[in-house]
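Biologist: Can you put the model up? I have some questions about it.

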Amino acid sequence: MTDASNIQTIKVLSKTTWTDSLFSFTTTRPQGFKFTAGQFVRLGVNPSQLRHHQSSNTDGTDDDKHSLDEEIFRAYSIVSSPYEDELEFFSVVIPDGAFTSQLQFLQVEDEVLLNSQPF
Ligand SMILES: Cc1cc2nc3c(=O)[nH]c(=O)nc-3n(C[C@H](O)[C@H](O)[C@H](O)COP(=O)(O)OP(=O)(O)OC[C@H]3O[C@@H](n4cnc5c(N)ncnc54)[C@H](O)[C@@H]3O)c2cc1C
């Protein structure tokens with residue numbers, strides 16, 4: 001269950017593709033967002049708002065399993081330090097995974113949703 005009051009938008013600042021199935025990315029850090037080393041948050045994407053969809057799905061078709069307007073959230077460990085100004089995440093790519101099959105196409109300036117309740 002996602003508490004809408006905790007949802008904030010963060011912006012992708014950089015992305016590094018390490019292998020076909022592993023990438024990392026940094027994002028802005030919302031003011032006042034505090035966490036402890038080792039905690040995880042829930043990240044969300046709305047596929048229709050990712051740049052690769054805006055540019056590639058010109059015929060309006062949706063070949064994904066999820067609706068393009070459906071927000072998908074998954075747990076992600078924060079790998080950056082609590083003292084850094086940016087947040088950093090590492091992600092595997094699961095073939096046909098609902099979330100990572102979208103997340104792998106992240107580009108700088110894309111927006112990602114952050115449930116700012118850390119666990
Ligand atoms: C506390 C916590 C922290 C997490 N931190 C991270 C993180 O830092 N980075 C990260 O990439 N992921 C992390 N995960 C996993 C992440 O939340 C997603 O489950 C993962 O990204 C796959 O989501 P998906 O929607 O693409 O796949 P789904 O559509 O949920 O799954 C598709 C299929 O792939 C299988 N599957 C799911 N994950 C894996 C996997 N890792 N290896 C093999 N098969 C799998 C599922 O069982 C299912 O059969 C974390 C999970 C938890 C619970």
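Modeller: Start with Glu109, which sits in the loop between H2 and S6. The model is a predicted one.

Biologist: What is the phi of Glu109 like?

Modeller: Positive, about 90°, although Glu109 is not a glycine.

Biologist: Is Glu109 buried or exposed?

Modeller: Exposed, because Glu109 has 9 other C-beta atoms within 10 Å, and a residue counts as exposed at 12 or fewer.

Biologist: And Asp96, where is that?

Modeller: Asp96 is in the loop between S5 and H2. Its phi is near 65°, again a positive value in a residue other than glycine.

Biologist: Buried or exposed, for Asp96?

Modeller: Asp96 is exposed, because there are 8 other C-beta atoms within 10 Å.

Biologist: Which loop holds Val93?

Modeller: Val93 lies in the loop between S5 and helix H2, residues 100–103.

Biologist: What is Val93 in contact with, leaving aside neighbours within four places in sequence?

Modeller: Ser21, Thr100 and Gln104. There is also Leu22, which is 71 residues away from Val93 in sequence, with the two C-alpha atoms 6.1 Å apart.

Biologist: Changing topic, the ligand. Which residues come nearest?

Modeller: There are 14 residues around the ligand, and Arg74, Ala75, Gly97, Phe99 and Thr100 come nearest. Strand S4, residues 72–77, and strand S5, residues 86–92, are the elements that give two or more residues to that shell.

Biologist: How does the shell divide into nonpolar, polar and charged?

Modeller: Nine of the residues around the ligand are nonpolar, four are polar and one is charged.

Biologist: Now the largest nonpolar core. Which members touch the most others?

Modeller: The core has 16 residues, and Leu43, Val45, Phe89, Val112, Leu113 and Leu114 touch the most other members. The elements giving two or more residues to this core are strand S3 (40–45), S5 and strand S6 (111–115).

Biologist: Take Val45. What are its contacts beyond four places in sequence?

Modeller: Val45 is in contact with Leu50, Ile72, Phe99, Gln102, Leu103, Val112 and Leu113. Phe99 was also one of the residues that come nearest to the ligand.

Biologist: How many residues of S6 are buried?

Modeller: Four of the five, so S6 is mostly covered by the count of 20 or more C-beta atoms within 10 Å.

Biologist: In what sense does S6 pair with S3, and over how many bridges?

Modeller: S3 and S6 are antiparallel, with three bridges. Leu43 has Leu114 as its bridge partner in S6, and both of those residues are among the core members that touch the most others.

Biologist: What about S6 with S1?

Modeller: Strand S1, residues 7–19, pairs with S6 over five bridges, also in the antiparallel sense. Ile7 has Asn115 as its bridge partner in S6.

Biologist: Stepping back, how many helices and strands in the protein chain?

Modeller: Two helices and six strands. Along the sequence the pattern reads β-β-β-α-β-β-α-β.

Biologist: What share of the protein chain is buried?

Modeller: Buried residues are 19% of the 119 residues.

Biologist: And what share of the contacts with a separation of 6 or more comes from residues 24 or more positions apart?

Modeller: In the protein chain, that share is 72%.

Key
Residues are numbered from 1 along each chain as its sequence is written. This is a predicted model: local features need pLDDT of at least 70, side-chain atom pairs count only at pLDDT 80 or more; totals for chains, interfaces and linings use all residues. A residue is near a molecule or strand if its C-beta atom, placed from the backbone, lies within 6 Å of it. Ala, Val, Leu, Ile, Met, Phe, Trp, Tyr, Cys and Pro count as nonpolar, Asp, Glu, Lys and Arg as charged, and the others, Gly among them, as polar. Two residues are in contact if their C-beta atoms, placed from the backbone, lie within 7 Å. A nonpolar core is a set of buried Ala, Val, Leu, Ile, Met, Phe, Trp, Tyr and Cys residues joined through C-beta atoms within 7 Å. Two strands pair if DSSP finds at least two bridges between them.
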